[in-house]
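Trainee: I have a structure to go through. Can we test the words we use for it?

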Amino acid sequence: MAFLLKSAHVVDPAAGLDEVCDVLIEGDKIAAVAPSLEAGDATVLDMSGKYLVPGLVDMHVHLREPGYEHKEDIESGTRAAAKGGFTGVCSMPNTDPVADNGSVIEYVKARAAAVGHCRVFPSGACSRGLKGEALSEMGDMVAHGAVAFTDDGRGVQGAGMMRRCMDYGKMFGKVFMSHCQDEDLVGDGQINEGAVSTRLGLLGWPAQGEEIQIARDIELAKLTGAKLHIQHISTAYGLELVRRAKEEGVEVTCEATPHHMFLSEDDLDETYNTSLKVNPPLRTQADAEAIRQGVIDGTVDAIVTDHAPHAAWEKSREFELAPFGMIGLETSLALVLTNMVRTGKMGYDRLVEAMSIAPRRILGLDPVSIRPGSVADITVFDPELTWTVGEDGFESKAANSGFTGVELTGRATDVFVGGKQTLAGGAVC
Ligand SMILES: NC(=O)N[C@@H](CC(=O)O)C(=O)O
Ligand SMILES: [Zn+2]
Ligand SMILES: [Zn+2]
């Protein structure tokens with residue numbers, strides 16, 4: 001199958017492209033990129049007015065399969081990813097059974113190959129059963145295609161355990177993605193500790209409950225030489241710790257979510273909207289501003305969703321009993337376009353770095369670029385398309401978005417994965 005994508009505004013800092021041109025896809029590869037290409041036998045798609053970028057990758061996604069298919073499964077989660085403009089996602093291991101050995105990794109890959117609407121790069125647990133007690137089968141998982149290690153959903157509580165994970169696992173060359181949460185300090189904390197938690201009568205979760213483990217893991221990365229990636233960073237000081245470590249030359253990267261960039265504890269009110277209950281919690285407006293600044297200046301390497309679907313009945317409970325997490329795959333690109341690019345805070349090139357180039361680099365995936373010979377993983381979006389979150393439902397099985405009812409401008413229209421169209425005119429194929 002061949003496609004000629006005509007007259008799109010191509011942005012790819014890795015290829016030095018920021019101009020209107022045509023892109024020819026033949027088979028699974030990009031065959032040509034030039035101002036005016038002949039169609040030949042190719043299907044011609046007019047992309048004028050749209051932006052075309054190297055396929056977006058979300059390196060933090062909970063697909064929930066195996067075990068929690070009532071929340072999401074690999075088909076529905078990757079369907080949501082395609083709708084949101086993604087060509088690939090990194091799946092988290094907090095499934096049932098936990099992805100802590102090669103057979104669960106193999107299962108995720110096989111399901112993704114059979115029913116997926118995008119590529120799935122599985123991550124594997126650091127510790128067996130996410131218990132923080134014994135090492136997972138890291139070598140077995142890597143042999144079956146795991147791209148990273150993480151106990152996401154929990155912090156590894158013991159510093160000695162984290163050290164052993166890093167010391168052993170670093171021989172596989174994969175990155176350690178750290179969910180930073182000191183359970184003793186956070187306890188049953190529900191939202192950020194401060195005036196809002198006091199007013200709403202909810203137990204507080206101090207910033208230090210996250211920052212202590214960020215500081216610890218940076219020190220452990222220095223001790224072991226392992227590659228470290230801080231997940232869903234939410235506080236200004238946590239980001240400052242990463243900034244300083246980078247300046248010192250430590251191999252550390254970090255990611256942030258749109259909800260930590262564009263929402264804050266001040267969005268929580270007496271409605272006790274459980275969609276706003278996330279781990280780590282929404283912080284202060286100053287924290288959100290610092291995270292946005294970090295995305296602009298590159299201290300935040302990657303924008304991720306931490307797409308965490310839950311069934312309606314699980315979220316429709318008392319705030320303290322509802323699980324943590326919100327969905328994000330279908331809103332991430334639009335939120336960044338609306339709040340960062342349209343407002344002039346950052347350019348399309350920075351968006352491509354944070355949502356496409358950096359995630360692949362951190363996970364050690366093959367780079368994708370808009371140039372001849374590259375794999376044809378491509379995202380096309382209309383920067384002028386205005387829509388309201390949730391108005392047509394979600395492709396995800398879940399609806400626990402913190403942005404429902406918000407009007408956004410910009411949306412993915414077409415996606416290609418290995419030359420195969422997975423989103424066409426806004427509809428998942
Ligand atoms: N982020 C969340 O609030 N929830 C995640 C776990 C996690 O990412 O830590 C989940 O699995 O539901
Ligand atoms: Zn987490
Ligand atoms: Zn997560």
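Mentor: We will take the labels one by one; keep in mind that this is a predicted model.

Trainee: Why is H179 called buried?

Mentor: The cut-off is 20 or more other C-beta atoms within 10 Å. H179 has 24, so it is buried.

Trainee: Where does H179 sit?

Mentor: In the loop between β10 (175–178) and α5 (183–186).

Trainee: What makes G153 a contact of H179?

Mentor: Contact requires C-beta atoms, placed from the backbone, within 7 Å. G153 meets that, and so do T150, D151, D152, R154, G155 and Q231. Neighbours of H179 within four places in sequence are left aside.

Trainee: And H232, is that residue buried or exposed?

Mentor: Buried. H232 also has 24 other C-beta atoms within 10 Å, and the cut-off is 20 or more. H232 lies in the loop between β13 (228–230) and α8 (236–248). Its contacts beyond four places in sequence include H60, E255 and D306.

Trainee: Which residues does the UniProt annotation "binding site" cover?

Mentor: D152, H179 and H232, according to an unreviewed UniProt entry.

Trainee: How do you know that they gather at one spot?

Mentor: They span 81 residues in sequence, yet no two of their C-alpha atoms are more than 10.0 Å apart, so they gather at one spot.

Terms used:
Residues numbered from 1 in each chain as written. Chains lettered and ligands numbered in written order. Predicted model: local features only at pLDDT ≥ 70, side-chain atom pairs only at ≥ 80, totals over all residues. UniProt positions renumbered as here; feature names shortened; annotations may be inferred. Helix = DSSP H or I, 4+ residues; strand = E, 2+ residues; numbered from the N terminus. Buried ≥ 20, exposed ≤ 12 C-beta atoms within 10 Å, placed from the backbone. Contact = placed C-beta atoms within 7 Å.
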